[in-house]
Amino acid sequence: MSEGFSFTLHKTDGTARRGTITTGRGEIRTPAFMPVGTAGTVKGLYPEQVCETGADIILGNVYHLMLRPGPEEVAKLGGLHKFANWPRPILTDSGGFQIMSLAKLRKISEKGAVFQSHIDGRKYELTPERSMEIQRLLGSDIQMQLDECLMYPHTDKDAERAMQLSLRWAERSRQAFGKQPGRGNFGIVQGGVNEKLRRLSAEGLTAIGFEGYAIGGLAVGEGQALMLQTIENTAPHLPTDRPRYLMGVGTPEDILEAVARGVDMFDCVMPTRSGRHGQAFTRFGKINLRNARHADDPRPLDPESPCPALSVYSRAYLHHLIRSGELLGMMLLSWANIAYYQSLMQGIRDAIDRGRFEEFRLATKEQWQRGDI
Ligand SMILES: CNc1nc2cc3c(=O)[nH]c(N)nc3c(CC[C@H]3O[C@@H](OC)[C@H](OC)[C@@H]3OC)c2[nH]1
C-alpha cells in the first residue's frame with residue numbers, strides 16, 4: 001500500500017460495502033459517484049457548486065489534457081488542482097479508453113499506442129510510462145494504469161489478447177508509479193464478458209498489488225444484464241480490503257445494482273451530458289424538460305431538495321430555457337443532475353450504515369417507477 005493512502009471498510013450489508021478512502025488530499029466516502037471533469041472542468045458547473053453537491057472527488061483525463069493544454073503546461077501552472085481550483089482529490093484516467101473511442105488512426109503495439117489527435121491530427125505516443133508520468137505531472141491523487149479497453153462486441157480471442165497486454169502494461173504502470181505518498185495507483189480488470197479471462201485478469205492484477213482495482217471494459221455497449229453478470233464474475237476475485245471502481249457507469253439504476261454486487265466507486269458523463277440535452281434525473285425518475293407538458297408547470301423539479309437547481313426553478317422556466325437553447329438551461333440541469341446523483345449516493349451510504357440497503361434499493365426503484373409527482 002502506498003504510504004498516506006488507505007481504504008477502510010466500515011460495514012457490509014449483503015454484498016454492498018460502506019468504506020472510506022483516505023488520500024493525501026482528503027477522504028472519499030464510498031460508495032462514491034465521481035463527476036467527470038475530463039478536460040479539467042465538470043462541464044457547466046463551478047467547482048464551488050460541485051463541492052456543494054457533496055462530491056468528494058472528480059475525474060480528469062490523460063487523453064484530453066495531454067492534447068490540450070499539455071501536462072507540462074499544467075505542471076508549470078501548479079498542477080491540475082490549482083489550475084482548475086479543485087481542492088479535493090482527483091482521479092485521472094490513463095487514456096486507455098479514449099485511444100479506442102476518440103483517437104483517429106491509432107496503432108497499438110507492445111510498447112504502447114500511437115495515435116492522431118481528434119482535435120488537430122497531431123501524432124502522439126502513449127506508453128504506460130508516459131501515461132503515469134502525465135498523471136504525476138497533473139498531481140493526480142488516484143492514477144489509473146494504461147490499458148486496452150475493447151468496444152463491444154469483440155471476439156474472445158481479442159478479449160484475451162487485450163487482457164494479457166493490459167496485464168503487462170499494469171506491471172509497467174506499477175513500476176512507473178513508484179512512490180508517491182498520499183496517492184494511489186489502480187489496476188484495471190479487463191477480459192470482455194468472459195468469466196475465465198476476468199478471473200485471470202483480477203488474479204494477475206492482485207499479484208502485482210495496487211491500492212485499488214477498477215472493473216474496466218464495461219458500459220461499452222454490452223447492455224445491463226451482461227454488465228451485471230460480469231461484475232458478479234469479477235468482484236469475488238478482488239481483495240475485499242481495496243476499493244473497486246466500475247468505470248463509466250452509469251444510470252442511477254446501474255449504480256444501485258452494482259453497489260448490490262460489491263462496487264464502491266462510479267463515474268459517468270450521464271448527469272452532465274443528459275442535463276445539457278434537457279433530461280433531469282430526480283427522486284421521481286427521469287423528466288425530459290423538452291417535453292411540451294412542462295410548458296406551464298410552475299412546480300420545481302423537487303421542492304425538498306437542498307439544491308436550488310432542483311427546488312427553486314420552475315419546470316416551465318427550465319422547459320423555456322432548454323427549448324430556447326439558453327446556456328442557463330444546460331447549467332441548471334447539469335447542476336440538478338450532479339446534485340441528485342450525490343443525494344442518491346448519500347442515501348445508499350446511509351442505508352448500508354443502517355443495514356437497510358436492500359430495502360432502500362427496492363423503495364428507490366419503486367419511486368422511480370411511480371414516476372413524476
Ligand atoms: C462510458 N463507459 C466507459 N467504459 C469504460 C471502460 C474503461 C476502461 O476499461 N479503461 C479505461 N482506462 N477507461 C474506461 C472508461 C473511461 C472513463 C473515462 O472517460 C471519461 O469519461 C468519458 C472520463 O475521463 C475523465 C473517465 O475517467 C475515468 C470507460 N467508460
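**Exercise 1. The second largest pocket**

Which helices each supply at least two residues of the lining of the second largest pocket? Work out its size, centre and lining in this predicted model.

*Solution.* 
Step 1. Name the elements. α12 (308-311) and α14 (327-353) each contribute at least two lining residues.
Step 2. The largest share comes from α14, with seven residues.
Step 3. Get the volume. The second largest pocket holds about 290 Å³ of space.
Step 4. Find the centre. The pocket is lined by 19 residues, and S305, P306, C307, A339 and S343 are the closest to its centre.
Step 5. Sort by class. The lining has seven nonpolar, six polar and six charged residues.

**Exercise 2. The largest pocket**

Describe the largest pocket and state what sits in it.

*Solution.* 
Step 1. Get the volume. About 710 Å³ of space lies in this pocket.
Step 2. Count the lining. There are 33 lining residues, with V36, F97, Q98, D267 and V269 nearest the centre.
Step 3. Assign elements. At least two lining residues come from each of β5, α5, β14 (265-268) and α11 (270-276). α5 gives the most, four residues.
Step 4. Sort by class. The lining splits into 13 nonpolar, 14 polar and six charged residues.

**Exercise 3. The shell around the ligand**

*Solution.* 
Step 1. Start with the nearest residues. The shell has 23 residues, and D93, Q98, D147, G217 and L218 come nearest to the ligand.
Step 2. Assign elements. β5 has the largest share, three residues.
Step 3. β5 gives the largest share of the ligand shell, whereas α5 gives the most to the pocket lining.

**Exercise 4. Polar contacts and burial**

*Solution.* 
Step 1. Apply the cut-off. A polar contact needs a pair of N or O atoms within 3.5 Å.
Step 2. Check the ligand oxygen. An N or O atom in the N61 side chain is 2.9 Å from an oxygen atom of the ligand.
Step 3. Check ligand nitrogen. The D147 side chain places an N or O atom 2.7 Å from a nitrogen atom of the ligand.
Step 4. At A219, a backbone N or O atom is 2.9 Å from a nitrogen atom of the ligand.
Step 5. The ligand taken alone exposes 620 Å², and the protein buries 91% of that.

Definitions and conventions: Residues numbered from 1 in each chain as written. Predicted model: local features only at pLDDT ≥ 70, side-chain atom pairs only at ≥ 80, totals over all residues. Heavy atoms only, no water. Near = heavy atom within 4 Å. Polar contact = N/O pair within 3.5 Å; in protein donor to acceptor, adjacent residues only side chain to side chain. Areas by Shrake-Rupley, 256 points an atom, 1.4 Å probe, with all protein chains shown as cover. 1 Å grid on protein atoms, 1.4 Å probe; cavity = no way out; pocket = protein on both sides within 12 Å on 5 of 7 lines; lining within 4 Å. Sits in = over half its atoms within 2 Å of the grid points. Points joined across faces, edges and corners; volume = space filled by probe spheres on them. Nonpolar A, V, L, I, M, F, W, Y, C, P; charged D, E, K, R; others polar.
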